[in-house]
Amino acid sequence: MVLVLALGDLHIPHRAADLPPKFKSMLVPGKIQHIICTGNLCIKEVQDYLKTLCPDLHITRGEYDEDTRYPETKTLTIGQFKLGLCHGHQVIPWGDLDSLAMLQRQLDVDILVTGHTHQFTAYKHEAGVVINPGSATGAYSSITYDVNPSFVLMDIDGLRVVVYVYELIDGEVKVDKIDFKKTPATTHSAH
Amino acid sequence: MGFLVLREKKNPSPISVPQTFVDFIGSNLDSNLAMAKERIPDWLNSSLWSTTPSVDGRLHRFSLSPTTTTTTAAAAVSEPIVQPTVPVSPPAAASRPQYTVTSQKYEFRDPIDKNSNNNSNDNDQNASPSGVSPDDISRQAQLLAELSKKVVNFRELRRIASQGIPDGAGIRSTVWKLLLGYLPPDRLQWSSELAKKRSEYKQFKEELLMNPTEITRKLEKSAVDDHSKSESSGLLSRSQVTHGEHPLSLGESSIWNQFFQDTEIIEQIDRDVKRTHPDMHFFSGDLPLAKSNQDALKDILIVFAKLNPGIRYVQGMNEILAPLFYVFRNDPDEEMALLSGFRDHFCKQLDNSTVGIRSTISRLSQFLKEHDEELWRHLEITTKVNPQFYAFRWITLLLTQEFNFADSLHIWDTLLSDPEGPLETLLRVCCAMLILVRRRLLAGDFTSNLKLLQNYPSSNISHLLYVANKLRSQASN
């Protein structure tokens with residue numbers, strides 16, 4: 001039972017001051033085992049804050065990140081799942097499922113987490129699952145101003161993943177969940 | 001034997017202890033104290049209660065008077081010499097008056113039990129070739145006879161058990177189960193009771209040791225599997241979260257929240273279990289046996305903590321569980337069920353960690369005052385050794401930390417078998433512990449007394465229990 005927090009596109013301090021207080025009250029240290037961040041934090045203080053939640057932190061570079069040392073993409077294995085991380089501004093057209101699927105096959109991962117669009121989405125295709133946690137602060141994006149703060153918490157347990165989606169809609173936190181099971185047959189082999 | 005003989009011995013030998021006592025009386029004309037003088041039994045004032053091994057220790061043994069020897073190893077050496085006296089004592093013992101509640105057999109124990117007890121201790125510790133004494137064997141036979149009856153007679157069982165239960169043949173395990181009320185007296189019901197309790201424990205384990213992911217999976221009967229098979233690509237369907245149950249939930253009733261709160265307790269249990277009895281290979285070390293024992297201890301403590309939200313886990317429960325586990329080692333299910341079964345007896349001790357323990361300690365103090373006012377006065381008033389400093393650990397951990405493992409098993413035999421209840425017996429044993437070192441205590445100041453009481457010197461356990469038993473009869477007079 002591994003809890004993985006996926007979030008990104010906070011754009012602190014340029015486009016947002018901080019995470020919504022309701023989100024902050026829920027994110028307490030000691031519950032989460034891993035944090036994966038799609039990018040665009042943008043400053044080091046945000047990274048320090050995330051480090052206090054969980055020492056195992058993975059970040060990829062977003063186009064506005066001030067720390068240039070983050071990698072473009074990252075892969076990690078948690079339990080039975082391989083996760084891939086990328087900000088997503090590199091994948092054109094932005095947010096396009098087929099292009100992202102290509103990236104997923106390139107990275108050879110079961111779950112690909114990308115951002116940049118500031119909209120939560122969760123797609124499934126033959127090669128795996130693509131999750132976009134949206135923007136945790138609700139910062140405006142290059143595409144739209146109408147953004148709800150959201151982030152994603154994944155509960156990885158064996159071959160099953162339960163994805164909890166936390167969204168702040170009209171000032172209230174709404175939680176949904178998505179069940180995803182990895183069948184051994186869907187493990188893609190390198191062609 | 002001891003009682004009458006001592007009375008004679010006391011007068012001719014001028015010893016410092018009664019001398020100071022007499023001075024004490026003389027200097028204080030309080031009538032209460034005068035009455036107290038009568039209450040202090042003569043046998044208390046004898047030098048024989050010193051814990052330092054006396055040179056004439058062996059002589060004493062020949063004369064069949066109770067001595068306290070500090071090491072069993074020394075006794076083992078002198079074993080072969082003492083053995084010849086064993087057949088001599090029973091006839092002499094037979095003529096002794098009966099002044100304890102337990103029967104004649106208990107009297108026999110007095111001079112011999114050092115030998116037999118030392119024997120059994122040796123068997124525990126160094127597997128000495130001295131073997132099991134005849135008295136031990138007879139006790140074992142008695143216990144087996146009692147246990148094989150159709151309906152076990154509890155009074156009889158308690159009587160035999162209070163003398164000490166031999167370590168072989170799993171007798172202790174069965175006797176303790178009976179004494180703790182885990183098994184009914186009717187022998188025929190044993191197997192069904194055992195099976196029932198074991199399945200209960202298994203059920204508890206399954207329910208309580210599950211993590212929330214599994215719980216949520218069990219709760220919902222969604223047809224997610226069919227769904228994911230049918231859609232090969234496209235948006236994943238989102239479903240509602242039931243009852244606001246998500247991992248970051250801060251709600252009181254949320255299983256996730258409870259899980260994270262429990263994690264703290266589980267961590268504490270883990271730390272304590274790893275520290276239990278580090279000197280015993282059974283409990284610690286790198287052997288897989290030790291590992292599995294530790295895991296079992298942990299499971300038991302976690303299940304107990306969850307079943308008893310009032311007490312949860314208190315540091316020290318692992319120490320109480322350790323001897324139980326050791327005795328019942330073949331069946332972890334039973335210790336757990338036992339732990340919950342006897343919680344009324346023992347866990348009141350831990351429950352006392354807030355208020356009740358203070359009353360128990362004050363009772364101990366009162367007890368000591370009744371039996372040995374001089375010592376009490378010296379300890380509490382002159383040297384200001386507050387009983388809380390030493391008695392807390394004695395009482396809450398049921399003396400497991402004060403003696404070595406084998407001795408504490410022996411003490412527990414007596415604790416469990418006493419019809420008055422373990423708490424009463426415990427108080428008496430603590431009082432006896434104080435009385436046995438009274439010479440050193442009376443001579444010491446705060447620092448040395450505290451040091452002595454917090455590192456209680458190892459002594460002859462059967463002797464300690466004998467004194468404790470004596471205190472009972474004293475109080476009832």
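This is a predicted model: local features need pLDDT of at least 70, side-chain atom pairs count only at pLDDT 80 or more; totals for chains, interfaces and linings use all residues.
In chain A, strand β1 is joined by 4 bridges to strand β2 (residues 34-37), and the two run parallel.

Strand β1 of chain A
- On its antiparallel partner, strand β9 (residues 150-157) of chain A, β1(A) is held by 5 bridges.
- The path from β1(A) through helix α1 (residues 21-26) of chain A to β2(A) forms a right-handed β-α-β unit.
- Of the 6 residues of β1(A) (residues 2-7), 5 are buried, so the strand is largely enclosed by the rest of the structure.

Loop residue A:Thr114
- In chain A, the loop between β6 (111-113) and β7 (120-125) contains A:Thr114, which is buried with a relative accessible area of 2%, and buried here means under 20%.
- Leaving aside residues up to four places away in sequence, A:Thr114 touches A:Thr38, A:Cys86, A:His87, A:Gly88 and A:Leu100, as well as A:Val130, A:Ile131, A:Asn132 and A:Pro133.

Helix α14 of chain B
- With 20 residues (255-274) at 1.5 Å a residue, helix α14 of chain B should span 28 Å, and its end C-alpha atoms are 28 Å apart, which agrees.
- Among the buried residues of α14(B) are B:Trp256, B:Phe260, B:Ile265, B:Ile269 and B:Val273, together with B:Asn257, B:Asp262 and B:Asp272.
- An α-helix has 3.6 residues a turn, so residues three or four places apart point the same way.

Definitions and conventions. Residues are numbered from 1 along each chain as its sequence is written. Chains are lettered from A and ligands numbered from 1 in the order in which they are written. Side-chain values use heavy atoms; hydrogens and water are left out. The expected span of a helix is 1.5 Å times one less than its number of residues. Buried means under 20% relative accessible area, exposed over 50%, partly exposed in between (1.4 Å probe, protein chains only). Two strands pair if DSSP finds at least two bridges between them. A crossover is right-handed if, with the strands pointing away from the viewer, the path from the first strand over the helix to the second runs clockwise. Contact means heavy atoms within 4.5 Å.
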